[in-house]
Amino acid sequence: MTITEFLKKLTLDRDYDGQIAHVETVPAREAQYGDLASPIPGVLAGALAETGVERLYSHQVDAIDAIRAGENVVVVTGTASGKTLCYDIPVIGRLLEEPDAKALFLYPTKALAQDQLKGLLRLAELDPELTELIRTGTYDGDTSRHTRRKLRDEANIILSNPDMLHAGILPYHPKWNRFFKDLRYVVIDEIHTYRGIFGSNVGNVIRRLRRVCEHYGSSPQFICSSATIANPQELAESMTGLPVRVVDNDGSPRGKKYFVFWNPPFLDIAQMERRSTNVEGHTLMAKLIADGFQTIAFGRARVVAELIYRYAKDTLRRMRPEYAEKIKPYRGGYLPTERREIERKLFSGELMGVASTNALELGIDVGSLDAAVIVGFPGTIASTWQQAGRAGRASDESVAFLVGYNDPIDQYLMRHGEYFFEQNPENAVIDPENRYILSKHLRAAAFELPLRDADSELFGELTAPITEILEDLGELSDVEGRRYWSSTEHPARQAGLRTISDDTFTIVDAANENTVIGAVDAISAPELVYPEAIYLHEGETYLVRELDTEQKIAYVEKREVDYYTQPVLESSIRIVAPRKEREWAGNRVFFGDATVTWLTSAFKKIKFYQLDSIGWCNLDLAPQHLETGALWFIPDKDVMDEVRAAGLNPVEGLVGIRNIAISVLPLFSMCDRRDIGGIVDSSNTGLPTMFIYDRFEGGLGFAERGFNRIGELLRGSLELVSECGCEDGCPSCVGLPILRPAIHQDPDTGGAWPIPDKESARLLLEKLLARA
């Protein structure tokens, strides 16, 4: 059966009720090949031929020629286009010429590094000379002490991640002196994932790496790879601090792809409730697998991936029993050995399907699949295309389904399919010179080597003033113009790169000798493994008996039940102390310290396959707090009354402005919009107030820049809402509120925020700016 025949069969099925809202056909593309300026060394060419690579695509040729010429490169091509060979070939070629040369490959996750190691070892094993030449391994938190020492002393290609480079390698660079002296290449894979706070931190780690390399007399080239984003060159140059050439002439072949927007049908005459999106998604997955199409389904949360797996397995037991054991779930929280086994089986074809979170969105090699079912809009255009790109073989047809939830953003896309296909992927924004972030890395840099005046060329113009502050604090000592670290503290260990917690809770099966079955980060634990929760693991139901917050252990036991649970999350913001206050056009604006609080206050029991709650239980868990910086804006009461007099809701307009401002503020603050949050609240001031805060402990200055440039922020917001061509509001203007979601919430159970009224937001902005 072909994909075209499958789609026709769907529309003739008795369950079909007009779910297809839009179909976009992405045409097939022939392979474009090229020839290198100088050939691949014979031993490497022979090994590549054994893997089926006898000719190189045009983008591979351009990238390899540029790397051989000494340029820094970022390769921006589609999923499964052979980006890995763009750096493997020149790196291994250099090792053949210069046996002492070294390379450092950096990946955003340990799982991706492990996957890439397998590919590198497969290539090395094809020829005895390569087997002897390539000495490689992963150096991360899972690596034993003995293996770490062996890799440090003997390896010529080390695969790691920015976190380990930051805290486990650079601070101990004297032990790595031979490696850094001969370091020729640094590969930064999946660079599009390094955005916002995380990317800004990694940009400084890379500058520290360059500084240490210079100390040992080396100056490595940087090779980056990226999914399609709007600004790959800007991102790569901001990340490395160096000029970078873009290679984006994707020469890989692509079969015809159908991109189908699938909208679950209404269940009631009033057209308020729709059929479960998870049920629709799993049904599509099961039908695809039953007809022989290898399929991946993506869910927005762990619970969604588990539900889709459980439902699809049950359905396949009825439709095609032989396939019921050939599907698996895949997500964070599984043990590394479990994940690697699933990856292996999917790659080898032993599995017909996998239900995953975005953990498989990155470039882990699972082979080329026939179909992708994306259950719910992932939140960005770039992520949607990345997930859809998991389906598609070189010449065969493929299909991707986007199944909409019954929430405003998904439903907007279902009604306006053309909107999605007309949009460019988003920008990835970082700011390595953010003064809060930079100060952490200057501390770490001083620990590694004394700071010099010349370091301003690496770290930027804020280096000198921040260094002076660190001297005044007694953390640095000036000796003949060099600033030495003078504290007993280890600065890199105190400064994490990511916004999520490094602490993890272990999940153990108490009824099976406390066997470890999974893990969850400390922030997510109260939302996933609270007492009496149903924890889903490989589709099985486990009852949480106890959450030990001191020992960081969740005790569970297998329990057969016909429901799953969902957290009820409460959040609030409280002003701690204003630091700055001003009047702008008759409105009061503040910046200061604030506490954002959230807790799991209760949970709901949801019957499998249904959306109705069959029970509700209160919880007594400690709240979690984020102490951060926030701006709060109190519109003048007269302006709010004028909007109300026009028959519009001014508070709804303020909510719309909050959503727009979160999209506009990154233009002034050099942050990602996921780095900031917002709340409209009256309990702090007694009046409707818009809060915008940094999503990072202690704040990073994003909200403060919004306070300093409030007029520009509101003018930019008015321009955005006025220029948007929609009538009532859409994800490009007043929609897509960036609130802190329940990370483990099933979107199928509701709770999405409506798109605020566009006209209320526009009129409120016009009246506010008229006074300015």
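Arg339 is placed in helix H14, which spans residues 336-348. The model is a predicted one. In this model Arg339 is buried but forms no salt bridge. The nearest side chain of opposite charge belongs to Glu343, at 5.1 Å, whereas a salt bridge requires a nitrogen-to-oxygen distance within 4 Å. When neighbours within four places in sequence are left aside, the contacts of Arg339 are Ala111, Tyr330, Arg331, Gly333 and Tyr334.

Ala111 belongs to helix H5 and takes part in the packing of that helix against H14. Helix H5 comprises residues 110-124, and its axis is 11 Å from that of H14. The angle between the two helices is about 50°. The crossing of H5 and H14 is right-handed. On the H5 side, the residues involved are Ala111, Gln114, Asp115, Lys118 and Arg122; these meet Arg339, Arg340, Glu343 and Phe347 of H14. Glu343 is thus named both in this packing and as the nearest oppositely charged side chain to Arg339.

Positive phi values in residues other than glycine were also examined. Glu190 has a phi of about 55°. This residue lies in the loop between strand E8 (183-188) and helix H10 (196-215), and Glu190 is buried, with a relative accessible area of 7%. Ala585, also not a glycine, has a positive phi near 50°. Ala585 is located in the loop that joins strand E24 (563-584) and strand E25 (587-607).

Note on methods:
Residues numbered from 1 in each chain as written. Predicted model: local features only at pLDDT ≥ 70, side-chain atom pairs only at ≥ 80, totals over all residues. Heavy atoms only, no water. Helix = DSSP H or I, 4+ residues; strand = E, 2+ residues; numbered from the N terminus. Buried < 20%, exposed > 50% of the residue type's maximum accessible area, 1.4 Å probe, protein only. Lys, Arg positive; Asp, Glu negative; His and termini not counted. Contact = heavy atoms within 4.5 Å. Axes fitted to C-alpha atoms, helices over the stretch in contact; angles between N-to-C directions. Left-handed = near helix turned anticlockwise from the far one by under 90°.
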